[in-house]
Amino acid sequence: GPFLNRRLTTNLAAYRTDWSNMQVSLQTPTYAYLGNAGAARIQGIEAEITARLTNELDLSFNGMIQSAKLTADQIANGSVPSVSTGHTGDRIPNIPDGTLTLALDYHHPLSRTLTGIVHVDGNYVSKSFSAFHPGATSYWQIGDYVVFNARVGVRAHDWDVYTVVNNLTDQRAITTASSPISSSLETVVTMPPRMIGLNVSKTF
């Protein structure tokens, strides 16, 4: 809620998700297939704080910490465990323990009808892993990276124009990784490279 004559706003949320019959790779003595097995619990806390430092400068913070673990073994009737099978207590792949975002927004009148806008944000993603446990052949660390974005432009009553730069430092961090079923290959997804663009919008 708002504090200090609405110059400070805070929000706090807690969540829990119970997930059953997950879609997973299963193994029989003769072949592998995609099926449903196991269960998991994802729970965490998220906080958001916005502070008006001056009449023209705002600072915002968003942070999240979470736990994502299996609550049941990923074994179905007729399947057999393999080195990549997830067991109770294992971390769910590709889900970080936490994220953090800090942003600055500067607004300055340029004329009676135009306002200059500058926005900068930094986003931290903690590490995660590509498989349930170190015994899996496709177990890799992912994440633990920071990416910066910026936006500069002008705003009027019913239109705005911005120059946008995403991934300022051209970070090439891996965001997810996995192995296709019955394959020794590793498939990874990386963050998009630096992108510079122009954003024009108008309201009617």
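The model is predicted, so local features need pLDDT of at least 70 and side-chain atom pairs count only at pLDDT 80 or more, while totals for chains, interfaces and linings use all residues. Residues are numbered from 1 along each chain as its sequence is written, and side-chain values use heavy atoms, with hydrogens and water left out.

I start with the overall form. The protein chain has 11 strands and zero helices; helices (H or I, at least four residues) and strands (E, at least two) are DSSP runs, numbered from the N terminus. Its C-alpha trace spans about 75 × 35 × 35 Å along the principal axes. The radius of gyration is 22 Å, well over the 17 Å that the globule rule gives for 204 residues, so the chain is more spread out than a compact globule. That radius is taken over C-alpha atoms, and the rule is 2.2 Å times the number of residues to the power 0.38.

Of the 204 residues, 30% count as buried. Buried means under 20% relative accessible area, exposed over 50%, and partly exposed in between, with a 1.4 Å probe and protein chains only. As for contacts (heavy atoms within 4.5 Å), 56% of those between residues at least 6 apart in sequence join residues at least 24 apart.

Next, the core. The largest nonpolar core has 11 residues, among them M22, L26, A68, L70 and F132. Such a core is a set of buried Ala, Val, Leu, Ile, Met, Phe, Trp, Tyr and Cys residues joined through side-chain atoms within 4.5 Å. Strands β2 (8-27), β3 (32-52) and β4 each give two or more residues to this core. Another core, of five residues, lies apart from it and includes V125, Y145, V147 and M191.

Now D90, in the loop between β4 (57-72) and β5 (98-109). A salt bridge is a side-chain nitrogen of Lys or Arg within 4 Å of a carboxyl oxygen of Asp or Glu. A polar atom of the D90 side chain does lie 2.8 Å from the backbone nitrogen of H87. Leaving out residues up to four places away in sequence, D90 touches A68, K69, L70, T85, F132 and H133. Among these, A68, L70 and F132 belong to the largest core.

T115 lies in strand β6 (residues 115-129) and is partly exposed, at 25% relative accessible area. Its C-alpha atom is 5.1 Å from that of R155, 40 residues apart along the chain. Beyond four places in sequence, the contacts of T115 include H107, L110, G153 and R155.

Finally, the salt bridges, six in the structure. R52 and D58 meet at 2.8 Å, N to O; R52 is partly exposed at 37%, whereas D58 is buried at 13%. R172 and D170 pair at 3.2 Å, with R172 exposed at 52% and D170 partly exposed at 24%. Salt bridges that share partners join R16, D18 and R41 into one network. Within it, R16 and D18 meet at 3.8 Å.

Key. Polar contact = N/O pair within 3.5 Å; in protein donor to acceptor, adjacent residues only side chain to side chain.
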